[in-house]
Amino acid sequence: MAEVDLSRFEKRIVVRPMKARDFDPVIALAKKCFPGMKPWTRDQLQSHIDHFPEGQLAVEYEGKVIGSASSLVVDFEDYEDDHTFNEITANGTIRNHNPEGQNLYGMEVMVDPDFRGMKIGRRLYDERKELCERLNLESILIAGRIPGYKEHAERLTVRQYVDEVQHRNIYDPVLTFQLANGFRVKRINKGYLPGDAESLGNAILLEWVNIEYQPATRRHMKTSEPVRICVIQYEMRSLRDFDQFARQVEYFTDVAANYRADFAVFPELITTQLLSFMEARDPATAIRSLTEHTDDYIRLFRDLSLKYDINIIGGSHVTVEEGRVFNVAYMFRRDGTIEKQYKVHATPNEKRWWGVEGGDKIKVFDSDCGKVAIAIGYDIEFPEMARLQVQSGARILFVPFNTENRQSYLRVRRCAETRAIENQVYTVIAGTVGNLPDVANLDVQYAQSGIFSPIDFPFPWEGVVAESSPNIETVIVGDIDMQLIRRTRRSGTVTQMEDRRKDLYQTAAVDPAVVHTPKRKVAKRKTAKEVPPPEVTTLSKPD
């Protein structure tokens, strides 16, 4: 008898890295596995491979793609437990993949229904576990669907359903499988994936702990993550032309850079002093004329952020877009990229004098010092907005403001201090002083700028990192520690963010798309030289 050719009988299953040639089969597989839900796009899949190729897997059987898995690395402390799919995946692009993170986050596992029973899902989960161990990550986190819940929703709450599945009284095709693979339930995420009709939008956050995880020496020994902030308390004065404005702004940027600050923070409505040399008109018409300088303003601050290697919160600038007037704050990163936050709550005076409208997006920005957000003046007086920004990962809230009297100023300050306490974050307020006699609705200014922290033993006395003298042009410089925020949230004297009664109340946007985190690849911050800042420095006028 001739030797048996075993290759005639072989049928190979291969778990391998996903390639571009797999995109169309994977998209088709998504439509088959999750009918009625939006599948991946080719651009999203390409972005997955570009940012984290090791985390993208395909299962091939006899030349056909029958399964896939997608994941990214995050530092889960940067996100809230009740995150949404779009928040944790950067709208499906994983541009927020963090090579320095400590957790592998599983976005999706798919198995062709025609090939179930072949342990394809288990193979993919085993590959993920091996990747987690190989990268020395703390754990794998997933927000699993519960497709069986819809059939039981009329008689069981989500929690009751999960309990029944855990006690094996109900079989759920996803949750039961995940529990069998060593994952443990952490919490319920309501509204995680609104398009998931079978789960009624719910997901279950689960974790598999890597028991072989060894904290890296660099991470283990790290005790602080300092960020230096320079706040400019800016005097509003009459100007001859835009060049004079540019010289003043550059002067203060240079001062901030000399102190090795990571952020220079300018006040709200800083460009309205340009109206002092423009033709006098009624307030509504005059404010619209500022749009003529929008490009000049953006180019100026962009160039300064690059020249002086500093992130700049460029105050705010009134802008007309499609005939509508908005008060817009800009963040200029030191890598040349730019973000903007529209003022969400226009004040009664802004509406009356200038016709300013509120924006409809609440944003959180990546920076080389962590996630930050901007609340323009009046916005900080609305606790829901700050809470949404913090829930999306912000650890510093910048508050450029413009107030005309002490009462108005104290509303901003007291609310900023309160937001720091209740959200366990840093808040930074930067205001204007001086006067503009020829500019309606901006004739006088009052400010006392400051940097505020939560109030607990590791933080400064009374929660004041630094504050300026009132009503004079000056700067303040203060160092804050991002690691203190993380530690006190877990083990502080009080832990407000941990102790929220989410079973009784929650803060959520009416439309999840309202809260948006534009994703960019932000280079890690350079290590700054230790230059001790003064508590307060009073400066002479540059012009």
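Ground rules, quickly. The model is predicted, so local features need pLDDT of at least 70, side-chain atom pairs count only at pLDDT 80 or more, and totals for chains, interfaces and linings use all residues. Residues are numbered from 1 along each chain as its sequence is written, and side-chain values use heavy atoms, with hydrogens and water left out.

Start with helix H2, residues 42-51. Helices here are DSSP runs of H or I with at least four residues, strands are runs of E with at least two, and numbering goes from the N terminus. Which H2 residues are buried? Gln44, Leu45, Ser47, His48, Ile49 and His51. Buried means under 20% relative accessible area, exposed means over 50%, and partly exposed is in between, with a 1.4 Å probe and protein chains only. Those buried residues pack against helix H1 (23-33), strand S3 (64-74) and strand S4 (103-111).

Now H1 on H2. The two axes come within 10 Å and cross at roughly 120°. Axes are lines fitted to C-alpha atoms, for helices over the stretch in contact, with angles from 0 to 180 degrees between N-to-C directions. From H1, the contact takes Phe23, Asp24, Val26 and Ile27. From H2, it takes Arg42, Leu45, Gln46 and Ile49. Contact means heavy atoms within 4.5 Å. By class, that is five nonpolar, one polar and two charged residues. For the classes, Ala, Val, Leu, Ile, Met, Phe, Trp, Tyr, Cys and Pro are nonpolar, Asp, Glu, Lys and Arg are charged, and the others, Gly among them, are polar.

Ala246 lies in helix H8, residues 242-258. Ala246 counts as buried because its relative accessible area is 15%.

Ala346 sits in the loop between strand S12 (338-342) and helix H11 (348-354). Is Ala346 buried or exposed? Buried, because its relative accessibility is 8%. Leave aside neighbours within four places in sequence, and Ala346 is in contact with Lys351, Val356, Glu357, Gly358 and Tyr378. Asn327 is 19 residues away in sequence and 8.0 Å away in space, C-alpha to C-alpha.

On to charges. How many salt bridges does a search of the whole structure find? It finds 27. The criterion is a side-chain nitrogen of Lys or Arg within 4 Å of a carboxyl oxygen of Asp or Glu.

Take Arg16 and Asp22. Their closest N and O atoms are 2.8 Å apart. Arg16 is buried at 12% relative accessible area, and Asp22 is buried at 2%.

Then Arg145 and Glu198, bridged at 2.7 Å between the closest N and O atoms. This pair links distant parts of the chain, 53 residues apart. Arg145 is in the loop between strand S5 (139-144) and helix H5 (158-166), and Glu198 is in the loop between strand S6 (184-189) and strand S7 (203-209). Arg145 is buried, at 16%, while Glu198 is partly exposed, at 41%.

Arg334 and Asp262 also bridge, at 2.9 Å, N to O. Again distant parts of the chain are linked, 72 residues apart. Arg334 is in the loop between strand S11 (324-332) and S12, and Asp262 is in the loop between H8 and strand S9 (263-266). Both residues, Arg334 and Asp262, are buried.

Last item. Arg413, Arg414, Glu417 and Glu467 join in a network of salt bridges.
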